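Let's take a walk through this protein together. Have the sequence and the 3D view open while you read.

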Amino acid sequence: VQLQRQAASGQVVMAGRDIGTVVLPDADLKVYLDASPEVRARRRVAELAARGTVAHYDAVLADLRRRDALDSSRAVAPLRPADDAVVIDTDRLDVEQVVARVLALVWERETARTGGPPTSAPGTRDEGMR
């Protein structure tokens, strides 16, 4: 955790099951992406198929449920959204829609923090917020 915190000096984007609750509990913006196990299993099977790996939906679903149960009930850093996280249900969203929602949150937070909009649109190479 300490090494992760050191790596997060400045403005960064980090992903992980305990980033918002344990590693960076004081982050300006915490986003918790959620999806049902069924949707996650379908996405995982499709991802594996795109790489040429055959995976069976039922086995992938069972593994996701097992991992979620273990991670949610562990004593240290259990899987859960931070109290102040923005939860985005991605069941009916594609990647571009998720990215657009996250960028809108970044835009809103930066506008609130600075009193005005960022110097360029989120998602552009020259944006002031990196």
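Starting at the N terminus, the elements of the protein follow the order α-α-β-α-α-β-α. That comes to 5 helices and 2 strands, where helices (H or I, at least four residues) and strands (E, at least two) are DSSP runs numbered from the N terminus. Before going on, note that this is a predicted model, in which local features need pLDDT of at least 70 and side-chain atom pairs count only at pLDDT 80 or more, while totals for chains, interfaces and linings use all residues. Residues are numbered from 1 along each chain as its sequence is written, and side-chain values use heavy atoms, with hydrogens and water left out.

How much of the protein is buried? Of its 130 residues, 27% count as buried; the word means under 20% relative accessible area, while exposed means over 50% and partly exposed is in between (1.4 Å probe, protein chains only). As for contacts (heavy atoms within 4.5 Å), take those with a separation of 6 or more: 48% of them are between residues 24 or more positions apart.

Now look for the largest nonpolar core, which has 6 residues: A41, L48, A55, V60, L61 and L64. A nonpolar core here is a set of buried Ala, Val, Leu, Ile, Met, Phe, Trp, Tyr and Cys residues joined through side-chain atoms within 4.5 Å. Helices α3 (37-50) and α4 (57-73) each bring at least two residues to this core, and α4 gives the most, with 3. Zoom in on L61: apart from neighbours within four places in sequence, L61 touches P37, E38 and A41.

So how do α3 and α4 meet? Their axes come within 9 Å and cross at roughly 125 degrees; the axes are lines fitted to C-alpha atoms, for helices over the stretch in contact, and angles run from 0 to 180 degrees between N-to-C directions. That makes α3 oblique to α4, since angles under 35 degrees count as roughly parallel, over 145 as roughly antiparallel, 65 to 115 as roughly perpendicular and the rest as oblique. On the α3 side, the contact is made by P37, E38, R40, A41, R42, R44 and V45, and on the α4 side by Y57, V60, L61, L64, R65 and D68. Sorted by type, the residues of this contact are 7 nonpolar, no polar and 6 charged. Here Ala, Val, Leu, Ile, Met, Phe, Trp, Tyr, Cys and Pro count as nonpolar, Asp, Glu, Lys and Arg as charged, and the others, Gly among them, as polar.

Two residues let you explore this region a bit further. H56 sits in the loop between α3 and α4 and is exposed, at 59% relative accessible area. Its C-alpha atom is 9.3 Å from that of A41, 15 residues away along the chain. D63 belongs to helix α4 and is partly exposed, with 39% relative accessibility. Between the C-alpha atoms of D63 and P37, 26 residues apart along the chain, the separation is 9.7 Å.

Most residues other than glycine have a negative phi. For A77, though, phi is positive, near 55 degrees. A77 is also buried, with a relative accessible area of 14%.

Last stop: R92, in the loop between β2 and α5 (95-114). Is R92 buried or exposed? R92 is exposed, with a relative accessible area of 76%. Between R92 and A35 there are 8.8 Å from C-alpha to C-alpha, although they are 57 residues apart in sequence.
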